Amino acid sequence: MKEFGPLIHGFWYLLRGAEMTVLMAASAALPATILGVLLSLLHVFGGRLLRAAILGYLFLIRGIPLLVLLTFVYYLMPLTGIDLPPFWGVVLVISLYYAAFISEVFRAGILSLPQAQWDAARSLGMTRGLLLQIVILPQALRLAAPPYVSLCVSLVKATSLVSIVGLWELTMASREVVERTLAPFQIFIGAAAIYFFICYTLALYGRHLERRVLVGH
Amino acid sequence: MPFDPHFIARLIPALLEGAAVTVELAGLTMAICLVWGLLVALAQGVRGPLGWIAGGYIQLVRNTPLLIQLYLVYFGFSMAGFGLSGFASGLLALCAQNGGYVAEIYRGGLQSVSSRQFEAGRALGMRRWTLYTTVILPQVIARVIPPLTNQSIAIIKDTSQVAAIAVMEIMKITEVWVETSANTYDVFLGAALIYLALTSIAGLVGKLTERRLAFAQ
Amino acid sequence: MEGTLNDASSSAIELAPTRQQRPMLEIVGLRKRFGVVEVLRDVSLAVSPGEVVVVIGPSGSGKTTLLRCTNLLEEYDHGTIMIDGEPIGYRIDGRSGRRARMSEREIARARERIGMVFQSFNLFPHMNVLQNIVAAPVRVKRIERRQAEARARELLAMVGLSDKATEHPIRLSGGQQQRVAIARALAMDPKIMLFDEITSALDPELVGEVLAAMQQLASDGMTMVVVTHEMSFARDIADRIVFMDGGVIVEEGKPDQLLFGPQTERVRAFLKRYNDRYRI
């Protein structure tokens, strides 16, 4: 137990790092979700040019590691002269990255609805806007909720990468404590435990949501 | 940023060397995970403590970031006395993390084969071994190929994180070259192109495998 | 004042025969192809107000496509469709003969007058029965919610499901769901109802309750076009039976005429096959 001394002493510092992690993740998740839903609608209903553009975007995101993108923006920012605080720089990159995956999840939700739902709504005289609003999207959102929560968990874990480009959050904090205490095993286990707590809670909430929300399916 | 052909000429071989390491790392991880993931999935199906341990393992690796696992193995083990190289640590962490995901893929594949198939086979008088190999397994294999393809793409992208423990794969080499030259764009462009190439190839291989197996059915 | 009364009565006298003469549904020269396959080749059909027309035929004959073109769930390539004298989907420029597609809004408007019930997945699973029925009247016709709900309850009573108003579709049997679907379509006060094999996906013991609801609707004077496999039901409910095969109407006539004394060989063959399996 005394071997975990360094962890106990550094734990408060780690928790502050965790706070930053959660802040960063939430700040990225919100725009990512909004953009993702928007992109999914454009992908399903947009014209050929728009869809081609979105497919190109998805191809890039799917094929390039997030770390490469983060590092790229890190080196690029000072060169372009845009004065953006690093926090918002990484939040932007993470948002754009996850928006792609979120859009695919919502698109799958929309497309998985039986044709008869569209037919029934249209034959009742609903215009496309109305039927999207009250028939398709409510169902698509419900269907997409479980994989969406998985993506949120993935997003939280992805914030650990910003430590590599020098930003401070839980992983960076744990590296600092390790440097001080030279007890990597205990500290990193502690950090892992904190991440686990955050992510597992999120995942459990997701499962709860899944049960509540998929009432009619 | 001028397009400097001399620079490109020196850059490409360096990046390709990194790509070799990336491919080696990703390939080994995938190969190991295919087996390891299967073992974990089977263990999870067993009632009793083995099942719980397997389930707990999966939850653990899914809810903690790969980076923390990398640091834990690399720094933690060296402190404990049996230090592993960057490559070996990376391999271990990658296999640990992705093994969990692959196990989930197998589980999903097995569950999705309807129980009616089992019943139909038994009704035809098949014994367990025949039932599994001729009816169930081909269907499971067909169903797990797409998610496994996705997972292999994720693995290729995950290898970028081992740059954090000084393994000379693509990301690390990119970092080094960006630090020591002014042609930031070219270096990142090269890295991005290589990753895109690798992930696209992985995707194609997956599609072809899918088609081949569907044909064989 | 007197002048107006006279005008009103004379126009009323004029109006009545015209109304009865004009078909509720008039399809002329309908053609549609899916890729290279011609699914509908020159189909013409007129349905009088209050008439019940049943369409039968082998699968792939174009019956479903015919229905779906009627409320423009499918585009058609050639021909005209009119509901109560108003064109659906396309307008023909009298002079050039070229057709212009109506706007989405106009088409949606036109669909309000046509009710359709589908084979499966009819109801909106995320809403309960009452919400399903009032959704369109409230949001499309802008009827006040309380009024719409009152009407919905009337319709539910008519199909015998008053006690299911707050249930979600997943709790209902297939037959109950289809009856709710009928009520939902009726809530929009359509002039004509289309039924696309609505009992085909049901377990046999649930079919009867749905057919009873349709029978009720027919006796109330609704104009109906019904695609079905249920031959005995067709015989009971139809004013006219139409046999389709290969994208054309092969034969049509009164139920007893067509079912027991068909003129064409194709119809005979179809009915023989049917008889061998079911006995009408």
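## Helix α5 of chain C

Keep in mind that the model you are looking at is predicted.

The helix itself covers residues 145-158 of chain C.

Which residues of α5(C) are buried? They are Ala148(C), Ala152(C), Leu155(C) and Leu156(C). Looking down the helix axis, you would find these buried residues within an arc of 100°, so they line one face of α5(C).

The buried residues of α5(C) pack against α4 (129-139) and α6 (174-186) of chain C. Turned away from that buried side, the other face carries the exposed residues Arg146(C) and Gln147(C).

## Where chains A and B meet

Now move to another part of the model. Here 39 residues of chain A are in contact with 34 residues of chain B. The area buried between the two chains is about 3100 Å², with carbon and sulfur atoms giving 75% of it. On the chain A side, Arg62(A), Tyr75(A) and Lys157(A) lose the most area to chain B, together 19% of what that side buries.

Between chain A and chain B there are zero salt bridges, but eight residue pairs are in polar contact. The largest share of the side of chain A that touches chain B comes from α8(A), with 12 residues.

Notes:
Residues are numbered from 1 along each chain as its sequence is written. Chains are lettered from A and ligands numbered from 1 in the order in which they are written. This is a predicted model: local features need pLDDT of at least 70, side-chain atom pairs count only at pLDDT 80 or more; totals for chains, interfaces and linings use all residues. Side-chain values use heavy atoms; hydrogens and water are left out. Helices (H or I, at least four residues) and strands (E, at least two) are DSSP runs, numbered from the N terminus. The expected span of a helix is 1.5 Å times one less than its number of residues. Buried means under 20% relative accessible area, exposed over 50%, partly exposed in between (1.4 Å probe, protein chains only). The arc is that of the directions from the helix axis to the C-beta atoms. Contact means heavy atoms within 4.5 Å. Buried area is the accessible area (1.4 Å probe) that two parts lose on being put together, summed over both. A salt bridge is a side-chain nitrogen of Lys or Arg within 4 Å of a carboxyl oxygen of Asp or Glu. A polar contact is a pair of N or O atoms within 3.5 Å; within protein, one must be able to donate a hydrogen and the other to accept it, and residues adjacent in sequence count only if both atoms are side-chain atoms.
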